Amino acid sequence: MKNNFLIAFLLLLCTLTTIKANTNDIVRNDKEYFSSFKKNEQPENKKFIVLTKNSEALGDSYYVIYKENSHGEGFYFKVVLDKNEKPIATYYANDGDKKISDSTIKNLKSLLSGPDKALETVSETPTQCVTKCHRTNGCYDKPTSTGVLLCSLECGIQCA
């Protein structure tokens, strides 16, 4: 009788533990989670605004990253890729109610066309900043062209 009671108690305990584990909703910190590019995931309740659009075709995949500019203004950056992994559109979303500066938006728009069209900063030009970032992060040593593109975009965003 004791053995049956003990077995029933252990089964009940395992069942309750399993139910509790499956119902826990973990609230993630989106800023931390998107600190590096995430494929086909984006933060909830964020409205993305078009920066550039090269094609009306729907993309096959997209990547999202969270960054802060030199003024401490945070934003999400999204790049959409076609089936050949070529970028066809870029978007941004503000962090909460905070707006990002017009110069940052202008720099983000120029990411895919090259850093030479970006605005100049006080200490160094965006081109110098991006070049230094490429070297530091080893962007051109990535094993895939998508990896090189994402690393390069991350540098461009960091220097925007």
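Visitor: Cys151, is that buried or exposed?

Guide: Cys151 is buried, with a relative accessible area of 9%. Keep in mind that this is a predicted model.

Visitor: Why does 9% count as buried?

Guide: Because buried means under 20% relative accessible area, and Cys151 has 9%.

Visitor: Which cysteine is Cys151 joined to?

Guide: A disulfide joins Cys151 to Cys139, with an S to S distance of 2.0 Å. Cys139 lies in the loop between α4 and α5 and Cys151 in helix α5, so the link ties together parts that are twelve residues apart in sequence.

Visitor: Is Cys139 buried or exposed?

Guide: Buried; the relative accessible area of Cys139 is 0%.

Visitor: How many disulfides are there in the whole structure?

Guide: A search of the whole structure finds three. Besides the link of Cys139 and Cys151, there is one between Cys133 and Cys155 and one between Cys129 and Cys159.

Visitor: Take Cys133 and Cys155. What is the S to S distance?

Guide: It is 2.1 Å for Cys133 and Cys155. That pair links distant parts of the chain, with Cys133 in helix α4 and Cys155 in helix α5, 22 residues apart. The torsion about the S-S bond is -75 degrees, which makes the Cys133 and Cys155 link left-handed.

Visitor: What are the accessibilities of Cys133 and Cys155?

Guide: Cys133 is at 7% relative accessibility and counts as buried. Cys155 is at 0% and counts as buried too.

Visitor: Where do Cys129 and Cys159 sit in the chain?

Guide: Cys129 is in helix α4, and Cys159 is in the segment after α5, 30 residues apart. Their S to S distance is 1.9 Å. The Cys129 and Cys159 link is left-handed, with -75 degrees about the S-S bond, and both cysteines are buried.

Visitor: What pattern do the disulfides follow along the chain?

Guide: Counting bonded cysteines along the chain, the pattern is 1-6, 2-5, 3-4.

Visitor: Back to α5. What end-to-end span should it have?

Guide: Helix α5 covers residues 145-158, which is 14 residues, and at 1.5 Å a residue it should span 20 Å.

Visitor: Which residues of α5 are buried?

Guide: Thr146, Leu149, Leu150, Cys151, Leu153, Glu154, Cys155, Gly156 and Ile157.

Visitor: What do they pack against?

Guide: The buried residues of α5 pack against strands β3 (61-68), β4 (74-81) and β5 (87-94), and against helices α3 (102-109) and α4 (126-137). α5 lies across β3, β4 and β5, at about 30 degrees to β3.

Visitor: Which strands does α3 lie across?

Guide: α3 lies across β2, β4 and β5, running at about 35 degrees to β2.

Visitor: And which residues of α3 are buried?

Guide: Thr104, Ile105, Asn107 and Leu108. They cover an arc of only 160 degrees around the axis, so they are on the same side of α3. Their cover includes β2 (49-53), β4, β5 and α5.

Visitor: Changing topic to the sheet. What is the strand order?

Guide: Five strands form an open sheet in the order β1-β3-β4-β5-β2, with antiparallel pairing. β1 (38-39) and β2 are the edge strands, each pairing on one side only.

Visitor: How many bridges join β3 and β4?

Guide: β3 and β4 pair over eight bridges, in the antiparallel sense. In that pairing, Ser61 stands opposite Leu81 in β4.

Visitor: What about the hairpin of β3 and β4?

Guide: The hairpin has five residues between the strands, and Gly72 takes a positive phi near 80 degrees.

Visitor: How many residues of β3 are buried?

Guide: Six of the eight are buried, so β3 is largely enclosed by the rest of the structure.

Methods
Residues numbered from 1 in each chain as written. Predicted model: local features only at pLDDT ≥ 70, side-chain atom pairs only at ≥ 80, totals over all residues. Heavy atoms only, no water. Helix = DSSP H or I, 4+ residues; strand = E, 2+ residues; numbered from the N terminus. Expected span 1.5 Å × (residues − 1). Buried < 20%, exposed > 50% of the residue type's maximum accessible area, 1.4 Å probe, protein only. Contact = heavy atoms within 4.5 Å. Disulfide = S-S within 2.5 Å. Arc of directions from axis to C-beta. Pairing = 2+ DSSP bridges. Axes fitted to C-alpha atoms, helices over the stretch in contact; angles between N-to-C directions.
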